[in-house]
Protein chains: 6
Amino acid sequence: MPTVYVTRRVHFNAAHRLHNARRDDDWNRSTFGPCNNPNWHGHNYVLEVTVAGEPDPETGYVIDLGTLRSIVEERIVRHVDHANLNLDVDFLAGILPSSENLVVAFWNRLEGCLPAGHLHSLKLYETERNFAEYRGE
Amino acid sequence: MPTVYVTRRVHFNAAHRLHNARRDDDWNRSTFGPCNNPNWHGHNYVLEVTVAGEPDPETGYVIDLGTLRSIVEERIVRHVDHANLNLDVDFLAGILPSSENLVVAFWNRLEGCLPAGHLHSLKLYETERNFAEYRGE
Amino acid sequence: MPTVYVTRRVHFNAAHRLHNARRDDDWNRSTFGPCNNPNWHGHNYVLEVTVAGEPDPETGYVIDLGTLRSIVEERIVRHVDHANLNLDVDFLAGILPSSENLVVAFWNRLEGCLPAGHLHSLKLYETERNFAEYRGE
Amino acid sequence: MPTVYVTRRVHFNAAHRLHNARRDDDWNRSTFGPCNNPNWHGHNYVLEVTVAGEPDPETGYVIDLGTLRSIVEERIVRHVDHANLNLDVDFLAGILPSSENLVVAFWNRLEGCLPAGHLHSLKLYETERNFAEYRGE
Amino acid sequence: MPTVYVTRRVHFNAAHRLHNARRDDDWNRSTFGPCNNPNWHGHNYVLEVTVAGEPDPETGYVIDLGTLRSIVEERIVRHVDHANLNLDVDFLAGILPSSENLVVAFWNRLEGCLPAGHLHSLKLYETERNFAEYRGE
Amino acid sequence: MPTVYVTRRVHFNAAHRLHNARRDDDWNRSTFGPCNNPNWHGHNYVLEVTVAGEPDPETGYVIDLGTLRSIVEERIVRHVDHANLNLDVDFLAGILPSSENLVVAFWNRLEGCLPAGHLHSLKLYETERNFAEYRGE
């Protein structure tokens, strides 16, 4: 049976700030530059969720992408959309919200929740020009 | 010698319906929702065909992408463009036209037809937000 | 007070066929080519709805784009999404579903329904390369 | 002599909050919903600046788009990029940062600064699906 | 009868150089910077051709966009695609190939060639961030 | 520790010609068609640079994407932007500038220059429809 990779793309808009609370302000400013602005900045994030598996002979689906969308909305998007990623999101508490750390945290929110197939990769676009991917390895 | 992956993107517009003829109408409606509409709906599909191989020292090509385009047009696009994927396409007869099943069927149409390189992956976008990839595994 | 033009983009997927029932099959085939396929084809349509007006001093809005989205969903999208534009849509009965005719019919569905501002233009993308705009003139 | 419209697109990432300080919190929450989050949210804004004029016979330019970019960077982008639009930007003080109000405020920053041609329109994308345009009328 | 604006988008890849042969090399270098490179540079140009008119009651078309595409290919694209805009194109002889001058020259090639509707605007993208529009005024 | 793949996208505009100087003009014309035009043509190239590694616990970064951008600008973009890839670029001397050969040559320019993480892949878009990827294998 063939293995197919299906992807659902979702969107959210959020504020954040790159800041390491264990280091002083000078270190943070010189390390993160304008991304350290104490008054925050923000992005239109795009998240691509890819699930791998064999198409079900009855439905032709690896996973119903409407179901996948609902899971991603419930586990991730409703928590982070129109939110401050440093202040408002329980499952991001204590996590410096770089794209790298976000995509790993999102993986941990989704990994055990799939009714079919298995999570293959998450790709998070902070902008069209900067993005991060995690494959659970 | 390096292995390079070259991709050609093509487009087609088609109607389809998700429907499993071995199951009754209630099952189909509850499984596929609006995608089961008996009067069809449709998409602007985008197909990315990726071929892997070593660049030819004389041409710098893994495969001439104009040649690759012609093969994809001949083997796939001319059959599915402005077509009904459930009714009009010989090589899709009996196949439930989910993106997963389509991309596997397209692989079978292309796999033996490459004059250079080998088929590495097919990625089929049903919309910008939903897509399926197959790598022949 | 300044006049600002605000736009909301929405999407729908539909099947259609270009066919003039008052003309014979030969005329239809030679006029519309593959777009006349009796088994239909389809598109991922994109509709941009632009409303003009003065920003409200209390809200900064010409119109709440969430409200505009709801109106467009109610008046247009829920009727045409995952539908056959020739068969399934009451307000398109008897209308040849070219992009030009669709965009005028959509205008007539929206024009009287805005709580603030006035309808300025509708732009309908059949594909990324083909689109039609109507400004109510 | 022909009139040509030339456009330069620029980008910035910012945090903001829709909030009218003259109204109470209940009104703000019910009017702006999640956009009223006191902890902010943010966007990847795209701004298109269009200048109209006759091409210079010596250069073929209405305006050197490199010069236009520098003006837009100096007058707008360096103030709003990686900033909080409610707190950090002098020329937005007291302005509710809806897309409509932002695009008018940006017009006032640019209008008198062009060495050639005249400002024709500003188009501000908050997301790919929501945008506002102002033409100085 | 309504006036609808229909657009066809086409693509071409070309080399060019911004250089005014009536001025000396110093002036050209300081005016055009890297765009003056004597060894050329190039772009993936995108041209949007917009035609205005009333939809034909028989076809629903302002103009058949397949016909429009053929006209644009014959009058413009086959001359400029994979060409050097300074050296290879008869109808651009003596024209400094800025986007502004190109879009006016393209207008003159198309204006008298439409079987239905009238030419409303041409929009030429040199890059995603720089573009020029001409409306025949 | 997780391995994350971070990508920075950059752009450059260049002229080139596909031509093998060891073969005669007839062979070159029949092999490369319009891409062999002796007067050159050109593209808006897009290059995606992907680096793999573990996020630094202090910064959340695999590599600072601003640093990565500077390295790619210094090692590649400033040499190829607004340049002729056959004539102007030292590190491309003697290389037939197909996308395949370019992406391998760019890899060799970047591979040893990363302060953190390791180079995972380079993806070069010649157009939206044609692209090549190299993973150092």
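Begin by selecting B:Asp24, at the start of H1(B), where one of its side-chain oxygens comes to within 3.3 Å of the backbone nitrogen of B:Asp26. The model is predicted, and its local features need pLDDT of at least 70, while side-chain atom pairs count only at pLDDT 80 or more. Residues are numbered from 1 along each chain, and chains are lettered from A in the order in which they are written.

Next, select residues 25-32 of chain B, which form helix H1, and colour its buried residues, B:Trp27, B:Asn28, B:Thr31 and B:Phe32; buried means under 20% relative accessible area and exposed over 50%, with a 1.4 Å probe and protein chains only. Because they cover an arc of only 95 degrees around the axis, these residues are on the same side of H1(B). Turn to the face away from that buried side, and you will find the exposed residues B:Asp26 and B:Ser30. Just after the helix, B:Gly33 takes a positive phi of about 55 degrees.

Now move to D:Arg8, in strand E1 (residues 4-16) of chain D. This residue is buried yet has no salt bridge, and the nearest side chain of opposite charge, D:Glu73, is 6.3 Å away; a salt bridge would need a side-chain nitrogen of Lys or Arg within 4 Å of a carboxyl oxygen of Asp or Glu.

Finally, show chains D and A together: a rotation of 180 degrees with 0.0 Å of shift along its axis superposes chain D on chain A, with an RMSD of 0.0 Å. The two copies are thus related as by a two-fold rotation axis.

Methods
Side-chain values use heavy atoms; hydrogens and water are left out. Helices (H or I, at least four residues) and strands (E, at least two) are DSSP runs, numbered from the N terminus. The arc is that of the directions from the helix axis to the C-beta atoms. A polar contact is a pair of N or O atoms within 3.5 Å; within protein, one must be able to donate a hydrogen and the other to accept it, and residues adjacent in sequence count only if both atoms are side-chain atoms. Lys and Arg count as positive and Asp and Glu as negative; His and the chain ends are not counted. Copies are superposed by least squares on the C-alpha atoms of residues with pLDDT of at least 70 in both.
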